[in-house]
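Here is a short briefing to read with the model open beside you. Take a look around first, and then we can go through it topic by topic.

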Amino acid sequence: MNSTSNTPNQEELRRLASREGYTFFGLTLPYLVLVIALIAIPVGWLFYLSFIGRDGTLSLENYERMWKSKAYIKIFITTFKISILTTIICAAIGYPLSYFMSQLSRKWANICMIAVLIPFWTSLLVRTYAWLVLLQKKGLINNILIESGLITEPLKFVHNTTGTLIGMVHIMLPFLILPLYANMRSIDKDCLKAASSLGATPTRAFWTVFLPLTLPGLLAGLLIVFVLCLGFYVTPAILGGGKVIMAAMKISTNIEMYFNWGAASALGVVLLVVTGIILFVASKLISLDQLGNR
Amino acid sequence: MKLGIKTAGLLAAAGLALSSASAFADELRIVSWGGAYQKGQSIGIFQPAAKAMGITVKEDTYGGISDVKLQVRSGADKFDIFSSGAGSCASGAAEGLLEKLDYSVIDVSNHLPGMYSDYCAGADIFSVVAAFNTDTFGENGPRSWADFYDVDKFPGTRAMRNRVDAQLETALLADGVPMDQVYDVLDSEEGIERALDKIRSIKPHIAVWWSSGAMHAQLMKDGEVDMTTGWNGRFDVAKEDGAKVSYDWRTGIMDWEGYGIPKGVKNKDLAMKYIAEMMKPEYMAEFAKYITYGPTNGKVYELGLMDDARARQMPSHPDNAQHQLTLKTAWYSKWRTYADEMYQEMMTE
């Protein structure tokens, strides 16, 4: 054994392997430096700042305030409630739509995809204001509903949670559809045919074959939507009418109004940690790696 | 040749440095509140005054004294002069964010009494009022703060500001506190809490917390809310545009707006001279043609620069002023930060 591993060929191979290793390390080095400089250090600094009180010394006052104040707890509940609801609604709309698109011919699927993507390329601010105009008390939607006799009093679509959700779902939907659609397109249609030939009804084939195969794309989409929602600022600020206050808005108020980096950092840290815990638990319940390797 | 390239390079570098520098020697950057208000300032004051001095003045909007705080504390250099309500300005001065104004350069000898401070040179007089939709209420809308807070007598949606300024006063006036005692009652944490509790009592009826004058004008124009707190001039402009809006001077909380300089700006001397120019009565008279905010410089009236009909529309006209509470800037320098924190808390909970 020992003698064979020392043949010139083996020696050469091992040298090549280790050189390749260095090359790859060298190639990833710029990225590693970037990650450390742009993510690790700022996040570390954020943690540090969150423990600095108003007088500039180390203290827990920023966390204490969050614990004592009813407002902060309310803000966290609002943030997670809005994010979870947006994610669920996006899934409810996005899954059938992606499925529909995956069944179309390439040409029609591309046309549908353009329809999904065009709003995606439009400025978020513009779309949010457009919703404000459409949804307000004397806006287009209420006017149509009243004139058609469906309602007599204008519905409260905006300056509340409803308006915020409508705006956010509209903005987040492409983030769910894109990975999910790609995933559905890559599924071998023969799998479903095989299921039918073995006697499965279409419903059964969907639940036992198709749905599990789309889970990686669905979960990726859900995760992207949920995490992006947690940091939303513009849409709830405009469509929430000052009544839907999410964590990002409070962070901004803390900095703008009181110039209090410590309090703002503490909010950021709590949001980061809570999100981390949620993702960790989610990954334990549904093993992401395993799904990806299916 | 080599030298030529080098020189060209240096020149290019110098050019870059110049163009990226935020302030030229003869350029000032001024920020204000946007909308109909800044339009009047721009046409009536900012640009004519700049032209008279032969300098360039660039305009932008900003979010209030918090932006001044951000600029000064972070060492950024975004604007040289800001337009601000006297209360916010006083609170900024108390925190050491502002340059002291040089009144040997800026002439305020003709200003109405109390219409300038060490850190803020008064430019116009405005009023916070309770505006109501005349489609909803006709002319019999809420004509006092007690009416505004009376949801049984005046059912309908309300809007209030998302910051504390001139909001707590409305609550105490509604609660029956006489005008001359409002700031005495507010001069304690309990007094602030009393005002906040009054606002809490109508919170289910507050449909929107507005964040800018353009926004509350739009809310009234679109009929999105039935009544709101807000600045009289914005409502007058909205009314001229066809909005169904009215207000009563008896709800007025009179305040003045002025110019301040953030601490540490490079063009401080020029900014001082520019503010001095803007204090001239002809600019203030011109500004008042665009929005109903009265001049702080008494010369406007002495020189007859404003006709009587227009003067009667100003919050500062004696007939209107007699019904109003005057905002107390000293209260804001002492309490604003605390009160605003509590106000935010009340909004969120």
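What pattern does chain A follow when read along the sequence? Chain A reads α-α-α-α-α-α-α-α-α-α-α-α-α-α, and its secondary structure comes to 14 helices and 0 strands. Helices here are DSSP runs of H or I with at least four residues, strands are runs of E with at least two, and both are numbered from the N terminus.

This is a predicted model, in which local features need pLDDT of at least 70, side-chain atom pairs count only at pLDDT 80 or more, and totals for chains, interfaces and linings use all residues. Residues are numbered from 1 along each chain as its sequence is written, while chains are lettered from A and ligands numbered from 1 in the order in which they are written.

**Overall form of chain A**

- With a radius of gyration of 25 Å, well over the 19 Å that the globule rule gives for 294 residues, chain A is more spread out than a compact globule. The radius is taken over C-alpha atoms, and the rule is 2.2 Å times the number of residues to the power 0.38.
- Along the principal axes, the C-alpha atoms of chain A fill a box of roughly 90 × 70 × 30 Å.
- Buried residues make up 30% of the 294 in chain A. A residue is buried if 20 or more other C-beta atoms, placed from the backbone, lie within 10 Å of its own, exposed if 12 or fewer, and partly exposed in between.
- Among contacts in chain A between residues at least 6 apart in sequence, 72% join residues at least 24 apart. A contact requires C-beta atoms, placed from the backbone, within 7 Å.

- Helix 8 (residues 161-185) of chain A has 25 residues and spans 35 Å from first C-alpha to last, close to the 36 Å expected at 1.5 Å a residue. The expected span is 1.5 Å times one less than the number of residues.
- Of the 25 residues in helix 8 of chain A, 21 are buried.
- Helix 8 of chain A kinks by about 35 degrees at A:Met172, shortly before the proline A:Pro174. The bend is the angle between axes fitted to the seven residues ending there and the seven starting there.
- A:His159 sits in the loop between helix 7 (140-147) and helix 8 of chain A. Its phi is positive, about 65 degrees, although it is not a glycine.

**Strand 10 of chain B**

- All 8 of the 8 residues in strand 10 (residues 253-260) of chain B are buried.
- B:Ile253, B:Asp255, B:Glu257 and B:Tyr259 point one way, and B:Met254, B:Trp256, B:Gly258 and B:Gly260 point the other way.
- Strand 3 (residues 81-85) of chain B runs antiparallel to strand 10 with 4 bridges, and B:Gly85 has B:Glu257 as its bridge partner. Strands pair if DSSP finds at least two bridges between them.
- Strand 5 (residues 120-133) of chain B is also antiparallel to strand 10, through 7 bridges; B:Gly122 is partnered by B:Gly258.
- Strand 12 (residues 325-326) of chain B runs parallel to strand 10, joined by 2 bridges, with B:Leu325 opposite B:Ile253.

**Where the chains meet**

- The contact takes 20 residues from chain B and 18 residues from chain A.
- On the chain B side, helix 17 gives the most, with 6 residues.

Definitions and conventions:
Two residues are in contact if their C-beta atoms, placed from the backbone, lie within 7 Å.
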